Amino acid sequence: MADQNVPGAQVNGASQDARAQEDGSETQDEATTYEKTERKRVVVAGLGMVGVAFIEKLMKLDAKRREYDVIVIGEEPHLAYNRVGLTSFFQHRKVEDLYLNPSSWYSDMPEGSLNYHINTKVTSVDTEKKIVATSSGDEVPYDTLVIATGSDALLPRRTPGHDANGVFVYRTIDDLQRLIKFAETKKGSVGSVVGGGLLGLEAAKAMMDLEHFSKVKLIERNDWVMSRQLDGDAGTMVVEQVRNLGLDVLLRQRVARVNTDDNYNVIGVTFENDESIDCTCVCFAIGIQARDDLAQRSGIRCSDSGNGIIVDGTLATSAQDVYAIGECASWENQTFGLIAPGIEMADVLAFNLTQAKSHAPRRFKRPDLSTKLKLLGVDVASFGDFFADRDGPKALPARHRRDQRKNKNDDSKNGSAKPAPLVKALTYKDPFQQVYKKYLFTEDGKYLLGGMMIGDTQDYVKLVPMVKEQKALEISPGELIIGNKGEDNPDDLPDDTQVCACHNVTKADVANRIKEGTCKSIGDVKSCTKAGTGCGGCVPLVTTIFNKTMASMGQEVKNHLCPHFEYSRADLFNIVYVKKLESFADIMSTCGKDPQSAGCEVCKPAVGSIISSLFNKHLLDGDRRGLTDTNDRFLANVQRNGTFSVIPRIGGGEITPEKLLVIATVAKKYGLYTKITGGQRIDMFGAKKYDLPAIWEELIDGGHESGYAYAKSLRTVKSCVGTTWCRFGIGDSVGMAVRLEERYKSIRAPHKIKGGVSGCVRECAEAQSKDFGLIATDKGYNVFVGGNGGATPRHCDLLAKDVPPDDVVPILDRYLSFYIRTADKLQRTARWIENLPGGIKYLKEVILDDKLGICADLEKQMVDLVGTFVCEWTETLKSPEKMKLFSQFANTEEKVVGVEPVEERGQQRPAYWPKDTATTEDFRGTKWTALSWQPLARTDQFHDSQAGSSVAVKRGDTQLAIFKLKGKYHASQQMCPHKRAFVLSDGLIGEDTKTNKMWISCPMHKRNYNLRGEDAGLCNNDSSVNIATFPAEAREDNMVYVKLPPVEELDGVLGTEKWKIKREGEENPFASMDQKLKPFKGRKGINASHMANGLGTHGKAQAILAGGERGSSGIDW
């Protein structure tokens, strides 16, 4: 792009020419050459409210990309000012007080990004060469031209005397300055305003505020004022009120001529009915005329009626790369004199120029003409389709139209042909308080269409969104005006509400134990009631019941992490963050009640999560492995048979056939049960611990990476196909989901995080049920937060509306960082937001308004964290030491299965747990005939960690667990009796130094078994089960010895074969249902084909593998 010279222009900020003219000083005819840049140049013709709004929005949306430089050329000698607030100029008389932005705003923009020129008019446009000419004879090239020249006030040029001395319009600062100066010469005379619309009432107020005129008269041709916004009743009430304020209102009068004296000065007005009034000043406020003369001179298509530059839905004109916005634009043969539609146009155009590469272009739609203002002290508002009862509804809600069609069909069948009215009005009028309300509804009263209000406009902000969202009302129409009668809304659940489905525990069970004094902690509640010891999904609800019950008893509820820390998780996080503590030993030493404690199954995972959330250290390094539960310990989700599931990352649910083939090959090779997850991933179940490294080596070699499905971290960002494929799509939901999942894929949090992105309001990705969710709108994305499924499902809250794609990440960075910092242990975002002081309102203030002044720090925290990403499985495969951790036993290569596999629907699953899975056998009290020391493990297989370490060993057919803590060894059976799962060596070690207790917490369902002292073998939180424990010690040969009975005796009590879960006697839970489904049409075998000669699943697969499919060379499966 060639450089051009513009007199007085500067590369950044205001021109000398502009500043000189504002100061009233002489100007210099100097030229400044624009620096040549790679950025595109946007020239804006017009520095009014809409023009500057476009510049603000463009520069905000372009702040990260920096694709554009802007040159704006304004005709008036002022910077952009608030034309809507012109009346206030009569009080302060300061032009600067009306400026929308101070002059420093322009000059403080990034270098070269914004140049402005005032008192300069764009005279023509060469759309072929893409150059604009100015009134000074200079030329400015553009890549994109935006015409925002606004409109002129209408003057009745065929009315005699329209140009007399004393005739004014009410449009610009210059108009007001001339009116003020003139009024000072006519003190004590009568002033008049022609036009009873919004602008006319504003002008009348301005003339009254001057206090120079003895009387101000308002002349209106209709039966009431504001006829474009109000009906007769409302307009008449406004007339009464403004008359009471001293304004003389003349209705049903049309001006025939302006009377003048011999010097052509105004002396009065004569109406078409020959009546007349005396006055010295006439201000016409009868409408506006779009300024399209620039476009007409430049060959750009304009409205046939000469009222505006024709634009399409993208605001494009007939000329390439030329757009028109604001009052000069004619959209669908309409121009708009309100500021709101112009701002919306500016928003649409700025969005399309900056964001449409990653989002469907926005289109300008029917604008909202709702207005709320105070005229001469009278509150007036109109909203939505406020004349729907008079003119018919402009548009009806889509759902209502469907219901209408259905009802019409039903009426036709019933012989009823009389159509129902489309709109019904509900009116309230209080002449004593001067209040008028009229709300318009669909004929069934389910949808609010619009309305108007006089006197009391308090509900305006509530009603406008109801009209825009077109949602069915949840209350009767009358309640919108008179309010509801009030209903009981108890916060607490009924006492018989089941809070723990695993153990059938009710709210009353929990509350009563607390009130009896039996339970003084959550741990006590679990031990006494067993609530929370099953799947654990009820723990948040049980915690809430505990806290509320304790508070009702006047008891202090301490939100301490556990007995080892007198801090909440949030407090501990902040201490670790400030002091940069990166190890469990340092954290326990600095923050723990006992610096040497080994912690417990509650605090260890929380501390491990905090360390990972701040520093993203590998969980299998050093003492961190002893902090992790089984899932993190083996980087996979443990299943009920002790095997694991494998879930590779599938960002946004998007996957190639090649990657599918890699997954299929691995699943086939290792005999894994495969299932599509709710988060649009492929889950492979049944992986043995010792096979995990080999499985992941093949997956990573094939381009996959860890899906972190085992971690309290981001799981998935679910998406629909959006604009990638869907004909209804507005946003590229897949592209956004993939990017968000890539950004947050390794961060750990207090609990798991799930996201979703839907490409339109049809919400196919179910984004409003996620921890964070995005729904594409034509303006960007609505950002929702705090939703989840689980035991207590919760719908999302709206955090931010119409967020441009470029601004989504900063908002989510802040939100997630704030959640990680302040949430309680194992607290989902839903409960976190509910427990925040002020809830979503407070969260908006922190995240959007930066109430705490921490947004920059929150963003930096996330940037630092995502910058440390590693695939944990890739790092594991690089380390021989880490690979050793995946052996089933420390003393043998033998492999043992604890649950029999069952063939079902072409795949293998583990046998169901029988109803009497738990065994009440007294393992602890077993009387052994003899005990002898047996070497079962090497000392170098244990880590000297404050958190402790453990291994599994095998003797005969019996599986045993050996634990090391603070140099001491302990041994027990490997099987947890609760579900006969051979997993105790994978649990977390806990310790209470005051009572000298040490326990192992089963990773399945958190049964805590004592390992030392008189209570060794007892379960602390389930007295129905216990385990056998054995002495253990290390000797000089660097072996760990365990004192055990003879093999035959040991196997007779604890042998794997004895306690294995078997298929024998297994009941089919669907037997009855299957009988009912058998005769249904379309039923076939799982792997059979509907085609007569179809090969079926296995046959087709074999044909592909053998190379008989499309000339393939086959696959080595």
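1. Welcome to this chain: its secondary structure comes to 34 helices and 52 strands. Helices (H or I, at least four residues) and strands (E, at least two) are DSSP runs, numbered from the N terminus. The model is predicted, so local features need pLDDT of at least 70 and side-chain atom pairs count only at pLDDT 80 or more, while totals for chains, interfaces and linings use all residues. Residues are numbered from 1 along each chain as its sequence is written, and side-chain values use heavy atoms, leaving out hydrogens and water.

2. For an overall picture, the C-alpha atoms fill a box of roughly 135 × 75 × 70 Å, taken along the principal axes. Of the 1117 residues in the chain, 51% are buried (under 20% relative accessible area with a 1.4 Å probe, protein chains only; exposed is over 50%, partly exposed in between).

3. Have a look at helix H17 (residues 569-579), where Arg569, Ala570, Leu572, Phe573, Ile575 and Val576 are buried. The buried residues of H17 pack against helices H18 (584-591), H19 (603-615), H25 (805-822) and H28 (855-866), with contact meaning heavy atoms within 4.5 Å. After H17 comes Lys580, whose phi is positive, near 55 degrees.

4. Next, the strands: S5 (residues 68-73) and S6 run parallel, joined by four bridges; strands pair if DSSP finds at least two bridges between them. Ile73 stands opposite His117 in S6. From S6 (residues 114-117), Leu114 and Tyr116 point one way, Asn115 and His117 the other, and all are buried.

5. Finally, Cys726 lies in the loop between helix H23 (722-725) and helix H24 (733-744). Cys726 is partly exposed, with a relative accessible area of 30%.
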